[in-house]
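Subject: Structure handover

Hello,

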Amino acid sequence: MSFDNAYESLLGGEDAHWAFGTGFSEALSGVNREFPAGVDRDALAAYCLMLGDDALICSQRLAEWCSRAPELEEDIALANIALDLLGQARMLLTRAGEVLGKDEDELAYLRDEREFRNVHLAEIDCGPGPGGDFATTIARLLVFSSWRLALFSRLRGSADPVLKAIAEKGLKELAYHRDHAAQWTVRLGDGTDESHRRMQAGLDRVWPFVDELFATHSVDTVLAGVAVDPASLRSEVDGVLEAVLDAAGLTRPADTKAARVAGMAGRDGVHTEAMGYLLAEMQHLHRSLPGAVW
Amino acid sequence: MTTALEVASAVRDPELPVLTLADLGVLREVSEEDGRVVVTITPTYSGCPAIDEMGADLRRSLVSAGFTDVEVRLSLSPAWTTDWISDEGRAKLAEAGIAPPARIGPVAAGPVPLNLVPPSRQVACPQCGSPNTSEISRFGSTACKALRRCHACAEPFEHVKEI
């Protein structure tokens, strides 16, 4: 295969070399995937869906900025971050699918809203559509990546070899994401009156969804030693957010909590209004044309 | 006779074709088990879209070299870092106008420190050698590269960022 001329690849040749979007192999092919002794497999699958759905849905939201970010470099940055999260999602959904007897595509494209286990923070609409803003997207990314980084840092000690490997792999990616969001938060918060106002408004918008991130779920308890209890992350994440907000001259919003439905939230499969629209866009092609490739 | 290891080691990275997969450090192991060649590779980033291309390229090269039974395995652990890029790979990157990454060592246990400003890492311009360069964007044309500019020769250049 020669790369001297990019067009050669487009013109066919030995195989569809250029089509990076087509025919991905299974995300965990060849990885040692034995289940550790004594682990509740259903709980493990549920946990992998939680962390996988967080990444998948947040990735979908970030990808919405593709070609619409305020500057070209930022467009590329958000797409790159989305791609990292999509990679994490593929590995986690594949792990869940080993227990559930489904592949990553079935889990991503053929589950209904009530079967998704992501936190609400990942799904809320922060733009680029109406009512959203780049600053709101940065606020979400700051909170999401600070939390997920802390979680992956602890997950490096998981008794499940696959979760451990996924955490070790994703850790530095998430560190880049958090730094990127933190640096934008400082730049906007400590910028002009207008950028400060919008960054503060972005934080105010996402803050009611922070509390859910640290709520212990029964799956976390069942999987002690395999999963990380999110409640144990709170002080570390609070410390990071405080350092960023201080440097940015922003005010930490009051700790209000978004309403739950009969005590349930994203981890229970109960979602906000935004989720149905998101899934419709993410899934409609696969559902309309099953098995479609490009 | 050419060995399977020699064939696999010569396969190039689809996104950084100046490097072989061996230079990049994603080629972990090549072994033969009962006449079957087993190649183990590792992804650079979780979402690296090139990983399947790497597997397909390895398979194709080995098959055309006469190794008909080929299995490509993916290994996530130990996680790839830019420290896995060989010295030869670093030299090839610099020659191609891409600044190689610095060596960063293993990640410490415990919380990851926050960087409120981009780390002021000295990256020499691969065109003119000046250390007077700055980062334009942490995220570049592929997941593994950042975009920088040189203040001496005014040329933009890519940098394989440390991870």
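Two residues are taken to be in contact, or to touch, if their C-beta atoms, placed from the backbone, lie within 7 Å. Please keep in mind throughout that this is a predicted model.

Leaving aside residues up to four places away in sequence, Ile138(A) touches Ala181(A), Trp184(A), Thr185(A), Leu188(A) and Gly202(A). Ile138(A) is also among the residues with the most contacts inside the largest nonpolar core, along with Tyr47(A), Leu92(A), Leu121(A), Val143(A) and Ala8(B). That core has 126 residues. Helix 6 of chain A gives the largest share of the core, 14 residues. Chain B takes part as well: its domain 1 (4–74) and domain 2 (97–102 + 119–163) both give residues to this core, so the core lies between them.

Next, chain A as a whole. Chain A has 11 helices and zero strands, so an all-α run of elements from the N terminus on is what you will find when you trace the chain. Of the 294 residues in chain A, 47% are buried. Taking contacts in chain A between residues at least 6 apart in sequence, 73% of these join residues at least 24 apart.

Chain B is split by the domain assignment into domain 1 (4–74) and domain 2 (97–102 + 119–163). The C-alpha centres of these two domains of chain B lie 28 Å apart. UniProt, in an unreviewed entry, places the feature "domain: MIP18 family-like" at residues 9–72 of chain B. That span of chain B is 30% helix and 25% strand, and its end C-alpha atoms lie 14 Å apart.

Last, the contact between the two chains. How many residues of chain A are in contact with chain B? The count is 44 residues of chain A, which meet 33 residues of chain B. On the chain A side, helix 3 (72–100), helix 6 (134–155), helix 7 (161–189) and helix 10 (234–248) each supply at least two residues. Helix 7 of chain A contributes the largest share of that side, with 16 residues. Sorted by class, the side of chain A that touches chain B has 23 nonpolar, 10 polar and 11 charged residues.

Regards

Key: Residues are numbered from 1 along each chain as its sequence is written. Chains are lettered from A and ligands numbered from 1 in the order in which they are written. This is a predicted model: local features need pLDDT of at least 70, side-chain atom pairs count only at pLDDT 80 or more; totals for chains, interfaces and linings use all residues. Helices (H or I, at least four residues) and strands (E, at least two) are DSSP runs, numbered from the N terminus. Ala, Val, Leu, Ile, Met, Phe, Trp, Tyr, Cys and Pro count as nonpolar, Asp, Glu, Lys and Arg as charged, and the others, Gly among them, as polar. A residue is buried if 20 or more other C-beta atoms lie within 10 Å of its own, exposed if 12 or fewer, and partly exposed in between; C-beta atoms are placed from the backbone. UniProt positions are given in the numbering used here, feature names are shortened, and annotations may be inferred rather than shown by experiment. A nonpolar core is a set of buried Ala, Val, Leu, Ile, Met, Phe, Trp, Tyr and Cys residues joined through C-beta atoms within 7 Å. Domain bounds come from an automatic or database domain assignment.
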